[in-house]
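Please keep the sequence and the structure in view while reading.

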Amino acid sequence: MSFRVCVLIFLCSGLCQSEETDLGYGLNIGNAIDVFANYGDLSQVTQVVSADYDDDIPMHIEPFREKNIRLFLNVSSRQISGDTMIDINILLCETFDDLLATYFENFRIEGTDKPWKAFLGDWIPDEIMRAFGIEYDPKPDNCCYVLVKLKKVHRSVQLDSLKNASVRNYVKRAVDKLNISDTSEVRKFMKSYGTHYIDSYVTGNFIYQVFKYKRTGYNILRAYIRHRDTRHASSDNLRFYFSSYFLKQVGEIRIASGNKTVETWAKLNLRDSQYLYSRPSLLRLHYNPILAFKLNDLLDNGALLGLGLKTLRPLFEDPDKAETFAEIVDNDLKLWEVNA
């Protein structure tokens, strides 16, 4: 009798350890997360915007720290190494919502049109604007915005098709027992096994700055950029259109990883003097390749630059069950999105 008890304990212990090893907190392609666990403040567990640290700056910043679970076996992926040099982008944004959508343009959560709300939806406007380096404005849409960012990609990972992947046995048992017509039971299932799986991600870092424009100045800048792009003009007067004559505010330079050492370097070395004003501007990198090379060496792999999450349809062999599960997730996402 005692021998049988020992065997049972040993088997149970082995199973529990097996399930524990399926849990992770890093970027594990194909693993599942519950987007509702930290919805509205996913930036707490992902490094996506500049952070203000009250105490010591962390020695090592992880791009992703959200709990995730391995549901599939035989998962394969494709990995591409990033660029060795930074790439500058000048992005035009009509409204403040456009600015947020543009910043999170490489983040996709199936079931929602505003993935930025999953990351910043619970933040008050003052906190969001501070993360973007600009002053609080109770009527942000009275202005237009230009987001200038320099991005350095470390690596991009894309999940292959899940057609050849299999569902882990204990997960399959839970799926088979699930009453898909009972929404409360489905939501309990989500808390245990997740709502989405990680389909892709991009890590690296980027430094960014927001320029707040008067609408007339913004329209003039937009017309200039369109003309420059279509005519492939050799002369570049871009700096003129970022002068105080057109601007309402020049935001502070921020870095996605929150690395204050790099932010301080940028503030000291990227000062641009125009007329009576002198202020940090990322546009200096557009004209000064030496500074661009120096910044390139400083950028680490501390930020999440993109993330693709897909609904857990592949868990279900029954297409109707899969579609019902996806509908419940989508409907909940829309409700959370409206209330965030």
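Is Asp332 buried or exposed? Asp332 is buried, with a relative accessible area of 8%; buried means under 20% relative accessible area, exposed over 50% and partly exposed in between, computed with a 1.4 Å probe on protein chains only. The model is a predicted one, in which local features need pLDDT of at least 70 and side-chain atom pairs count only at pLDDT 80 or more, while totals for chains, interfaces and linings use all residues. Residues are numbered from 1 along each chain as its sequence is written, and side-chain values use heavy atoms, with hydrogens and water left out.

The protein has 340 residues, of which 48% count as buried. Its secondary structure comes to 11 helices and 15 strands; these are DSSP runs numbered from the N terminus, with helices (H or I) of at least four residues and strands (E) of at least two. Among the contacts with a separation of 6 or more, 83% are between residues 24 or more positions apart, where contact means heavy atoms within 4.5 Å.

Asp332 belongs to helix α11. Leaving aside residues up to four places away in sequence, Asp332 touches Phe36 and Arg187. The axes of helix α6 (residues 183-193) and helix α11 (residues 319-339) come within 11 Å and cross at roughly 85 degrees. Axes here are lines fitted to C-alpha atoms, for helices over the stretch in contact, and angles run from 0 to 180 degrees between N-to-C directions. The helices α6 and α11 are therefore roughly perpendicular to each other; angles of 65 to 115 degrees receive that description, whereas those under 35 count as roughly parallel, those over 145 as roughly antiparallel and the rest as oblique. On the α6 side the contact is made by Thr183, Val186, Arg187, Phe189 and Met190, and on the α11 side by Phe325, Ile328, Val329 and Asp332. By class, this contact of α6 with α11 has 6 nonpolar, 1 polar and 2 charged residues. Ala, Val, Leu, Ile, Met, Phe, Trp, Tyr, Cys and Pro count as nonpolar, Asp, Glu, Lys and Arg as charged, and the others, Gly among them, as polar.

Helix α6 also packs with helix α5 (residues 169-177), their axes coming within 11 Å and crossing at roughly 170 degrees. That angle makes α5 roughly antiparallel to α6. Tyr170, Val171, Ala174, Val175 and Lys177 of α5 meet Glu185, Phe189 and Tyr193 of α6. These residues divide into 6 nonpolar, no polar and 2 charged.

Attention now turns to helix α8. Its buried residues are Lys260, Val262, Glu263, Trp265 and Ala266, and they pack against β10 (196-213), β12, β14 (277-280) and α10 (289-298). The helices α8 and α10 pack at an angle of about 170 degrees, with their axes 11 Å apart, an angle that makes α8 roughly antiparallel to α10. Val262, Trp265 and Asn269 of α8 make this contact with Leu291, Lys294, Leu295 and Leu298 of α10.

Ser257 lies in the loop between β12 (254-255) and α8 (260-269) and is buried, with a relative accessible area of 0%. A polar contact of 2.9 Å joins the side chains of Ser257 and Asn205. Such a contact is a pair of N or O atoms within 3.5 Å; within protein, one must be able to donate a hydrogen and the other to accept it, and residues adjacent in sequence count only if both atoms are side-chain atoms.

Two other loop residues are exposed. Asn74, in the loop between β4 (72-73) and β5 (77-81), counts as exposed at 57% relative accessibility. Asn74 has a positive phi of about 60 degrees although it is not a glycine. Glu317 is found in the loop between β15 (303-311) and α11 and counts as exposed at 71% relative accessibility.

Finally, the structure holds 0 disulfides, a disulfide being a pair of cysteine sulfur atoms within 2.5 Å. The sulfur of Cys93 is 9.3 Å from the closest cysteine sulfur, in Cys144, and so too far for a bond. Cys143 is in no disulfide either, the nearest cysteine sulfur being that of Cys144 at 7.5 Å. Cys93 counts as buried at 0% relative accessibility, and Cys143 counts as buried at 0%.
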